[in-house]
Amino acid sequence: AGFFKDRIDAGRQLAKYLSEYKNDPEAIIMALPRGGVPVAYEVAKELRVPLDIVVPRKVGAPGHEEFAIGAVMEDGRGWFNTDVIKRLGIAKSYIDRTVADQTAEAQRRLKVYRSDRPYPTVTGRKVILVDDGIATGATMRASIMSLKARNPKQIIIAVPVAPADTLQELKHDVDKIV
């Protein structure tokens, strides 16, 4: 997919590449808030499949919180770039404290976003993970790990923009990337 006017346009264009899942009762779209939600909404609308969310939280480097050294989910599962953590000499105490904070924040956000609705059943389903883009891939990797624990039939990543090297790394963890 090329350039996009906005997230709505990105979602509509992504849906064209996911047409094989249109009206598929096994398919479900899982969006990564916030930016992934408007993209995923358009995909879900076009494909006529349910939409829900996963809430990964980035674990940033000390003093450079925007630089992801990992990410965690509301269930405490996470992914960490151990090479970067070692190279930067990041203390375990910092990681433990930040993971606890971000896990609590993921739980809080999930409650706000989902209200009293239960987590959707993804076991045996084709899960299409949608975000508005990927940088380091940390939040996407944490989402994949959390979903894999729920035994989906397939995991498909759908994003409008991402670095080629990150997609290359992610392709080993999922069934398909769009």
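This is a predicted model: local features need pLDDT of at least 70, side-chain atom pairs count only at pLDDT 80 or more; totals for chains, interfaces and linings use all residues.
Biologist: What makes arginine 48 count as exposed?

Modeller: Its relative accessibility is 56%. Arginine 48 sits in the loop between H2 and strand S2 (51-53).

Biologist: Why is isoleucine 8 called partly exposed?

Modeller: The term covers values between under 20%, which is buried, and over 50%, which is exposed. Isoleucine 8 has 35% relative accessibility, so partly exposed is the word for it. This isoleucine lies in helix H1. Its C-alpha atom is separated by 9.0 Å from that of valine 43, although isoleucine 8 and valine 43 are 35 residues apart along the chain.

Biologist: What makes the phi of arginine 48 worth a remark?

Modeller: Most residues other than glycine have a negative phi. For arginine 48, phi is near 60°, a positive value. Serine 115 is another such case, with a positive phi of about 60°. Serine 115 is found in the loop between helix H4 (92-114) and strand S6 (126-130).

Biologist: How do you know that the peptide bond from proline 33 to arginine 34 is cis?

Modeller: Its omega is near -5°, and the bond is given as cis. Most peptide bonds are trans. Arginine 34 belongs to the loop between strand S1 (27-31) and helix H2 (36-47).

Biologist: Why are H1 and H2 called oblique to each other?

Modeller: The axes of helix H1 (residues 7-17) and H2 cross at roughly 40°. Angles under 35 degrees would count as roughly parallel, and roughly perpendicular begins at 65. The angle falls between these, so H1 and H2 are oblique. Their axes come within 7 Å, and the crossing is right-handed.

Biologist: Which residues of H1 and H2 meet?

Modeller: On the H1 side they are Arg7, Ile8, Ala10, Gly11, Arg12, Leu14 and Ala15, and on the H2 side Pro38, Val39, Glu42, Val43, Lys45, Glu46 and Leu47. By class, this contact has 8 nonpolar, 1 polar and 5 charged residues.

Biologist: What makes S2 and S8 edge strands?

Modeller: The open sheet of 5 strands has the order S2-S1-S6-S7-S8, with parallel pairing. S2 and strand S8 (176-177) each have a single partner strand, so one side of each is left without a neighbour in the sheet.

Biologist: How do you know that S7 and S8 pair?

Modeller: Pairing needs at least two bridges. Strand S7 (residues 154-158) and S8 have 2 bridges, in the parallel sense. Here isoleucine 157 stands opposite isoleucine 177 in S8.

Biologist: How many bridges join S6 to S1, and how many join S6 to S7?

Modeller: S1 and S6 pair over 5 bridges, in the parallel sense. S6 and S7 pair over 5 bridges as well, also parallel. Valine 130 of S6 stands opposite alanine 31 and opposite alanine 158 in S7.

Biologist: What makes helix H5 largely enclosed?

Modeller: In helix H5 (residues 138-148), 8 of the 11 residues are buried, so the helix is described as largely enclosed. Among them are Met140, Arg141, Ile144 and Leu147. The buried residues of H5 pack against S4, S5, S6, S7 and helix H6 (164-170).

Biologist: Which strands are at the edges of the antiparallel sheet?

Modeller: That open sheet has 3 strands in the order S3-S4-S5. Strand S3 (57-61) and strand S5 (78-80) are its edge strands, each pairing on one side only. Neighbouring strands of this sheet are turned by 55° against each other on average, direction ignored.

Biologist: How do you know that S4 and S5 pair?

Modeller: The requirement is at least two bridges, and strand S4 (residues 64-72) and S5 have 3, in the antiparallel sense. Alanine 71 stands opposite tryptophan 79 in S5. H4 lies across S3, S4 and S5, at about 155° to S3.

Terms used
Residues are numbered from 1 along each chain as its sequence is written. Side-chain values use heavy atoms; hydrogens and water are left out. Helices (H or I, at least four residues) and strands (E, at least two) are DSSP runs, numbered from the N terminus. Buried means under 20% relative accessible area, exposed over 50%, partly exposed in between (1.4 Å probe, protein chains only). Axes are lines fitted to C-alpha atoms, for helices over the stretch in contact, and angles run from 0 to 180 degrees between N-to-C directions. Angles under 35 degrees count as roughly parallel, over 145 as roughly antiparallel, 65 to 115 as roughly perpendicular and the rest as oblique. A crossing is left-handed if the near helix is turned anticlockwise from the far one by less than a right angle, and right-handed if clockwise. Contact means heavy atoms within 4.5 Å. Ala, Val, Leu, Ile, Met, Phe, Trp, Tyr, Cys and Pro count as nonpolar, Asp, Glu, Lys and Arg as charged, and the others, Gly among them, as polar.
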